[in-house]
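Me: I would like to work through some side chains and their pairings in this structure. Please take the questions one at a time.

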Amino acid sequence: MQRVRVKALMSALPLTAATGAAWLGLATPAQAATCYWYSGQTGTSSNCDNQDPDVLAASCGGQTIYSTRLKRSYDGVADGPLLELRYSPSCRTVWGRLTGAWGTDYDQSGCTVTVHRNSDGQEYSRKPAFGATNATVWSNTVYDAGVAAYVKANCDTGPGYQYNGQTASY
């Protein structure tokens, strides 16, 4: 009886990295979200559209592809919040992240970050919480397999102080 247990234990030892990672609660490519276009379409609605990137990040990950500082509208100086186009290669999703942003207040409309898919114009936007300062906010995702997307942002800090920016498409 002892030999059977040892043999069973020995046959279970050659674990794959994915299985070990799963036991540790780490995401693996096999666990990544399966994103796709609905109805076999290309460049229109997807099951990974309008998803919170924090939720997808657990299985998809993400990296910054492009970043730019927002420019003041009255003189073009790039000293506003930092705008980033974030991309997940495993899920093929794009979203925008804005750092150093502020929320709507009594005399300003605050900042908005928007992701835009070029093929169909689909956009998702988000703002920081009311009264937030120096906040980080991100848009929801768009799926971009076979198409491209960009992110844009604008901030209103009151009369005469507007900031705008946009990344290149990816």
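Me: Is R97 buried, partly exposed or exposed?
Reply: This is a predicted model, and the relative accessibility of R97 in it is 25%. Buried would require under 20% and exposed over 50%. R97 therefore counts as partly exposed.

Me: With which residue does the side chain of R97 meet in a salt bridge?
Reply: Side chains of opposite charge can pair when their charged atoms come close. For R97 the N to O distance in the salt bridge is 2.8 Å. R97 lies in strand β4 and its partner in strand β3 (residues 82-88), so the pair ties together parts that are 13 residues apart in sequence. The partner is E84.

Me: Is E84 buried or exposed?
Reply: The relative accessible area of E84 is 9%. The limit for buried is under 20%, so E84 is buried.

Me: Which residues are linked with D120 in a network of salt bridges?
Reply: The side chain of D120 meets that of R117 in a salt bridge of 3.0 Å, N to O. D120 counts as partly exposed at 33% relative accessibility, whereas R117 counts as buried at 0%. The residues linked with D120 in the network are D49 and R117.

Terms used:
Residues numbered from 1 in each chain as written. Predicted model: local features only at pLDDT ≥ 70, side-chain atom pairs only at ≥ 80, totals over all residues. Heavy atoms only, no water. Salt bridge = Lys/Arg side-chain N within 4 Å of Asp/Glu carboxyl O. Helix = DSSP H or I, 4+ residues; strand = E, 2+ residues; numbered from the N terminus. Buried < 20%, exposed > 50% of the residue type's maximum accessible area, 1.4 Å probe, protein only.
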